[in-house]
Every structure is written in structure tokens, then in C-alpha cells.
Amino acid sequence: MMSCLRNLFLFCTLIVYSLCEIRVDLNGEWKLEDANETISTSVVVPGSVHTALISNGIIGDPYFRFNDLEYRWIVYTNWTFSRIFSIPSNITSVSTVQLVCDGLDTVSTVFINGHRVGNSVNMFLRYIYNIGKFVNPGENTIRIEFESPVSYAAKQAAAHSQYNVPPACNPPEYQGFCHPNYIRKEQCSFSWDWGPAFAPVGIWRNISVELFQAAAIRDVTAIPILSNSKDINWSLNVTTYLETGSVSKAEGEIVISLPQLGVVNTTSVTLKSGSISTHNAHFDVPMAETWWPIGYGRQPLYVVSVMFSSASGEVSVKNVTIGFRTVQLIQDALPGKGNTFYFKINYQYIFLKGANWIPVDAFQERVTKDRLKNLFQSAIDANMNTLRVWGGGIYEKDEFYKLADESGILIWQDIMFACAMYPTGEDFLLTVDSEVEYQVRRLSKHPSVIAWGANNENEGALRENWYGTSSNFSLYKADYIKLYISTIRQRYLEQHTNVPIVSSSPSNGVETEKEGWVANNPKDPLYGDVHYYNYVDDCWNVSIYDTPRFASEYGYQSLPSFSAIKSVSNPEDWSYNSTFSLHRQHHPKGNSQMLSMIKKHFTIPETNDSVADYKNMIYLTQISQAMCIKIETEHYRRHQSDVDKNNNGMTRGALYWQLNDIWQAPTWASTEYEGKWKMLHYFAKDFFAPLLASGYIVDGHLYVYAISDLTDPLINATLVVKIWSWDSFTPLLVQNYKFNLKSQSSIMVLTVTSSEILSKAGCKSRNSCFFTFGVGRMASNKIETNPLYISSFFDAKGLVQDPYLQITKVVQEGNIFTIGIKSSAIAPFVWLDVGDIKGRFSRNGFLQLEPTVTVTFYAWEVVSLQTLEDSLTIQSLTSRKPTKVQPYNYMFMYFFYFFNLVTNVLFFT
Ligand code: BMA
């Protein structure tokens, strides 16, 4: 019976939908002109001026060398997009014609057939203009005049004469434009400490004309409800937002169905004319299967199809895809001091592990589904379960959230405000209010979206006087509350999403509210989430880290690969402190901070080959970054189940800064602009592993933890501790420790005086040894090993040997290449590189503990064996220099071996 109904509904939907709904797609080719009419060319919509100028050969690659400065004229120019479009001849029979713009970037005036129909000031808002009065059946013209966003922001700032809303401009190193806070546009498009300033303009999302008579469904939200954790009995709140036409009233029916489950809910409605009508329905969905985060179960998704059919036979249909899950942000008071801060999905605690997400490109039209897919796959492959869409970028494309829903990657979604004070004039608040309403409706149906944050770091900025606001604190505090609490939070709560919102990241969560929304110490580790950056102290020393409830940002910079740099530079740029390198480094003191962190543990080699030196710096910055974030992340994961004497601990989230790169530059990212994994991303795969053994030494004591994200307990499991001397492939000591561990928790399995265990192992000196830890259900050689280096590499000088790494074979099977590696000594940070061939290795940057290992390269594109071999190089920290694939002829191999031995200087030891 149910399936009959379902089929009937689908059948009707198809027939009536095609008869009644008229939508004229305006995507595609438009004409582009500058205000002085010196340029007249074409632009593909969705698209921006910059990419149109690139594809028409008017400008080159904006990312190349100094082109970000070279092409500044583009952003100071006003631009016009125009085209002709056709309206069907039956226009006379429809009452309402609307121009629906899903995204205008940003400040524009819209004309139809020469008549002004409206304007836009907010790129995050969908603009809908009634254009019935101005269109004719047949040919029409549309013209959208864009004003320079940079000039607009400056004008808005100048007009705000009462008081300053800082920062006026970001630091000069950012090489950016001023006053991004005065315009509702991607804040980082005016530049950031990892990104360029292009401030593109254009029609950045879909645009269409829609015609209807009675009503059209604009939006649908569907919120799953589970009344208790015991009986899995789902129900659904479906809200349908209908745009009604000018007929006096529209009578009809709303039919909501979940075709996969045979659920149909029908209601008769009478809609008022000329407004937005809201229709709510609540019904049981008994057969629904629960949606789970990645690693915790399946991700079943269901189509909710909503159809409005008017008495006169007009039909409007909207389908949304949803998943059934609940979210709780648990902020319980802890005995002593502080609150917990962690997430439960479907009543089950989940440690959120992952990274922060920034816009994938300065020009969104270049962000293809494949690029998004690749980034998601990289997050999944690195054992992440969460991404935070950071507040200085954009609300992402639909495909982004679709990928998250399908894969089970959880999303912490910021509202787009970051690192600034913001104005609170009436117009500004009104447009923000509409933005929140629109974006929350748009995104709340996605099961992956499990948290919202009203801004990035603005509570901290105000409390800590980052922008000189302290002399007038109460004024800025009042503005803060007006914007984030009375407007954003208020509007958010009215949407009844069932997903928690925090007023800022970092914040103290409910404690921030208690303290009047600007807490005394928004970074308090005992409450909410924290952001932690420290470029001064030694990142190998775990004592420098707080042990907060939730670490939502922390990071260190590194340089991208040489192949990434090469694609946007000339040979004269290839040194650490070249004009180009400094131009790309937007973080004040960034290069010297990386350098000083490297020097704490590594020797920086100098050769008489400046390109080799530069490549070594790239390699060392990546090692240093990977090590710092490994150590910090493991610290957070270790303390998910315990609190120390000051009540620090129960850390239940670790999202490092940042997953991806917007261009090729020194940044905090773990994957590069083209998707290539930096060493950090390979490390992330290990330090986010569901089962991990992790140790550290403080005050002469070794502490080793077992950490599990698994949903079943470990009974009688084994921790394997090994002590190695750099000069032997055989460990000096192997010890097994038995333990039990509850599901999704961490436990300290071993604590011992480090000198005691080292001497027990017969380790000659601390500098000559290191530890590895592994954990498994049973003792086995297959247990992954996690190293703990107990001395800096320059202290190990002379003890760590050149491993004379050799690639012994490369075997191709389709896009998969098996690479054999031979080593004559233990080799730290073994690094394979294939230049600009796209793909990733099964492991990289690893500690080679055996004479031979095999690594797999997964190519993301078709590549021949010869091309791969020609590009492949291998090195380690203790290699004299990177080597290429050796000829398979042994004579040659030994020749190269001895040749290396006598001709090179040992770099790192
Ligand atoms: C945090 C972020 C970003 C920034 C990063 C690195 O403050 O929120 O604004 O890019 O640090 O400085």
C-alpha cells in the first residue's frame, strides 16, 4: 500500500512539476564590461571578473609571483554584467515573476530592461526581486552593475563618523585592502595571514527567473526529533516556506513524502497573498535509520519531497536530503571548577578530531566538485571526523555539505565574522539578520552540521583589546551583544534547528553567557573551546600546552612543496628570504618564527647550492610543523578522560589550523592548494588514528597512554614499548604491558622514570636512543609504532647515520604504484616526492625502522611509470641529499652508493 502511494506521488510529481513550474536559467555566458567601456568581453556565470579576464587572455595567472598587486586595478573598477534572456509567451497568465539571485558578490544594482529593480550589499544573502512589471514575453535584458567592494567598504567606514570600528586595516604584511568589516563579503578576500587580496566581484552563485501564480516553495527545513535515547523512534518537523503570488488567496495542499520510506503527510492550506507563508508539519518516521558520524555507523540519507498543489492545478516541488540524528553539546558543571564541553551525537559521546576549513580558492567558480571531493577524501584518509568552516570565509557550496552528509564528516559552521569589531547600524543588522535566516534555513537540514558559532575570535579580541577598544569597552561590548546575541543568536534560535550555537569561538560556552557574553577570560581552559598559538616556546615540550575542554584551533606554519612554489614563481624567487618569499608570507614574523622553531631541534644545512638550501628549508619547515602539531594533538587526545589537580582536562575536541590552502604560500595548512599532502597531513593520519599509543616525558618521567575512539572496550590489550638505538634495526628493549580500556577513552598505561627504563635497555646515552609505542588488542608485530624522540636531532649528531636510501623498485598497477625502499640505517622523516604529479602516498615523512619497506603511491590522475620514476625522489633527515630512482642494475646501484658517499656533505647531523 505504502509503496503504491509512493509511486503514485512520484508519478504525479514528475508530470505536474514539468507542467507548472517555470524557471528560466540565467547561468551561462554573459557580457562583461568595465565602467569606462575599455574592456568588453564575456563571462561565464556563476563567475567573477577575474576568471573572465583570465579565460579571455586579458590577464595571466593572478597567483603568479606579484600578480596579486599587479591586478589591483580590477578591484578599483566598477563592472557590468549583462545578457539577454527570454521569457515564455504565457507570461500574461502568471501573476508573479521573480529574479532569484543565489549569490551576488557583493555591491550591485540590478536592472531589467533598463529599469532598476533592486540592489545587493551582502554576498551571503539570496536576493529575490519582483520583476513582473518590467519583463515582457520574449526577449529581455538584465544588467547588473557592480561597485568596487574596496571603495564601498572605505566609503562605509568614512560614513561611520561616530566612532571607529577597528581594525581599519590588517597588518601591512597581509598586503590587503582595508575595512573588510564594513562589507558583508568573504572577509579573507580582502587578504588574510594565509591568503591573497583579490576581493573578486561577480555573480557567484546561480541566477534564474521564476514564474508562478499561486505560490512557490522557497525553502524547506526538516528537523529530526528523537524523544529518548532508548526507543529509536524518529519523527520529523518539516517547515515549508512558500512565496505567495498576488492572487488574493491560494488554496491547495501540501504533500510531504519520504519516498524511500513510503511516508506521506498531506495537509490542506490556505495561503495569504504577497508574502512568505510558513507551513509546519510534524509526523512520525518510524522506519528511519539513524545517521552516524564517520567511524560510528552508517550515513543513511533520505529525500524529503514537498509538493504544493494549488486548487487551480499549479504545482511547486522542493526536495531536500536529510539524515536522522540528534546533537547535544554537553556543558555540565564539573566537581571543583569548570564545565565540560563536548558533543553527543545520538546520545553518544564523540571526540571531534579534524581541522579548520578555509575557502578553497580566491575565486569560488574554480572550486569544482572534484576538488571538494578530494579534500574530503584527504580528511577521511587522515582519520578526521570534523571540519570547522571558519568565520572569515564563506558559507560553503551545497556540494560541500552534501559530501559531509554522505561521508559522515561533522561540520562546525561559523557565521561569517572574524577577527574584527563590526558596525551595528540598522541597515547592517538588517542584512545580517536576513543572512542568518537564509543560511540557517539552507544548512540546518544537513545532518553533518552539528554546531554553529556566531563569530571567530571576536569575543577574545574585545576582551584582550586586540584592536585598541579598551578605552571604550562598554561601547564595543554593547555593539558585540547587539550583533552576535540580539541579532544573530536570536535569529538562529528562532529557527529551532536543535543544533547548538556558541556565541564565539573561542568562548566559555554557557559560562560566557553567565558573564554577560564577554567573559573575563574567553580562553579559559576550564570552559568551552580555546584557540592556542605559541610560536615562541618549544613545541616539543608538552608543558607549554593548556589542557582545555576543547581545542578548536592551534597551528604552526610551513612552506608548501617546491613544486607548488615553482608553479607560481621564477628561479630568482627560490630562496627563503627572497622578495617573493617575503611577499607571500603574510603572517608578521612568520619566517623567523618557523626558523626559530626549527633551530630548537634541527641543524639547518648550508650548501653552495641555493636551490638545494631552499628545498631543505621547505623540508625542515614541514617536519617542524608536523612534529609540533603531532605533539600538541596527542596531548589533547591523551587527556580526554582525565582532569589534573587544577581541573584541566577532559579535552574532547582537537581541530588544528588549517586543513587547506587558498594559494601557494607559507601557511598553517596540511594540504596544499593543488591538494598535495604536506608532511603534517601524513602525520595527522597517524595522530588521529582510532587506536593510538602516545607518550611524553616531563620532569624525567615517561608517561605512556592508550587512546581509543573505538565503540567497544579493549580487554586485556597490549601496549608495546620499544627502546631503540639509532645505530641498529633491532630494538634495545621491547616491553609489553597489559591493560583494559573503556570505549572512547584514554588511559595512562605506564609511568616510569625515563632514565631507569633507558638504562634498563642499555641505552648508552639519551641522545643515542628513542622510544616507539604501539597498542593493539594483541601483541603483534603489525602494531603501528608511534615514535617519541627524546633528544633534539642536533644533539644526536654523529649518532644518527646516513641511511643511503634507495628506491629499489617501482611497480605500476593502474593508478597505484608500489615503491620499494632500502635503507642501511634507521631513517627519520623519510620523505618521498613526485613533484607536481597529483596523488598521495600510503605513508610519508615516516621513521623507517626496517632495512626494507614498501610504500604505495595512489595517483589521482593517469600517469605512466616512466613519468613517475622520473619525478620520484627520496630523502630523510639524515640523508646527504634527496636521491632519485636508481637504475635496477646492481653495478650502477653500488656505483651511486659510493658516489654519494664521497661527494656529499652530511646535511643534518
Ligand atoms: C586564528 C584564525 C585565523 C588565522 C589563524 C592563524 O586566529 O582564526 O584568523 O588565520 O589564527 O593566525
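Student: Why is His496 counted as exposed?

Tutor: In this predicted model, His496 has 60% relative accessibility. Exposed means over 50%, so His496 counts as exposed.

Student: Where does His496 lie, and what is its phi?

Tutor: His496 is in the loop between helix 9 (473-494) and strand 30 (501-502). Its phi is near 50 degrees, a positive value in a residue other than glycine. Most residues other than glycine have a negative phi.

Student: What makes Met650 buried?

Tutor: Met650 has a relative accessible area of 17%. The cut-off for buried is under 20%, so Met650 is buried. Met650 also has a positive phi, near 50 degrees, and lies in the loop between helix 14 and strand 33 (653-656).

Student: What joins Val45 and Pro46?

Tutor: A cis peptide bond, with omega about 0 degrees. Pro46 is placed in the loop between strand 3 (40-45) and strand 4 (47-48). Pro166 and Pro167 are also joined by a cis peptide bond, with omega about 0 degrees; Pro167 sits in the loop between helix 4 (149-159) and strand 12 (190-192). Most peptide bonds are trans.

Student: Which residues of helix 6 are buried?

Tutor: In helix 6 (residues 398-407) they are Phe400, Tyr401, Leu403, Ala404, Asp405 and Ser407. Among the elements they pack against are helix 5 (369-381), helix 7 (426-443) and strand 28 (410-414). Gly408, whose phi is positive, near 85 degrees, follows helix 6.

Student: Which residues touch the most other members of the largest nonpolar core?

Tutor: Of its 177 residues, these are Phe343, Trp357, Tyr656 and Phe829. Helix 14 gives the most to this core, with 12 residues. A second, separate core has 42 residues, including Val110, Phe146, Val201 and Ile203.

Student: What does Tyr656 touch?

Tutor: Leaving out residues up to four places away in sequence, the contacts of Tyr656 include Gly354, Met384, Tyr554, Ile629, Leu680 and Phe688. A contact requires heavy atoms within 4.5 Å.

Student: How many residues line the second largest pocket, and which are the closest to its centre?

Tutor: The pocket holds about 1100 Å³ of space. It is lined by 41 residues, and Ile783, Glu784, Thr785, Asn786 and Arg843 are the closest to its centre. Helix 15 supplies the largest share of the lining, five residues.

Student: How is that lining divided by class?

Tutor: It has 22 nonpolar, 10 polar and nine charged residues.

Methods:
Residues are numbered from 1 along each chain as its sequence is written. This is a predicted model: local features need pLDDT of at least 70, side-chain atom pairs count only at pLDDT 80 or more; totals for chains, interfaces and linings use all residues. Side-chain values use heavy atoms; hydrogens and water are left out. Buried means under 20% relative accessible area, exposed over 50%, partly exposed in between (1.4 Å probe, protein chains only). Helices (H or I, at least four residues) and strands (E, at least two) are DSSP runs, numbered from the N terminus. On a 1 Å grid over the protein atoms alone, a cavity is a set of points where a 1.4 Å probe fits but cannot get out, and a pocket is an open set with protein on both sides within 12 Å along at least five of seven lines; lining residues have an atom within 4 Å of a point. Grid points are joined across faces, edges and corners, and a volume is the space filled by probe spheres set on the points. Ala, Val, Leu, Ile, Met, Phe, Trp, Tyr, Cys and Pro count as nonpolar, Asp, Glu, Lys and Arg as charged, and the others, Gly among them, as polar. A nonpolar core is a set of buried Ala, Val, Leu, Ile, Met, Phe, Trp, Tyr and Cys residues joined through side-chain atoms within 4.5 Å.
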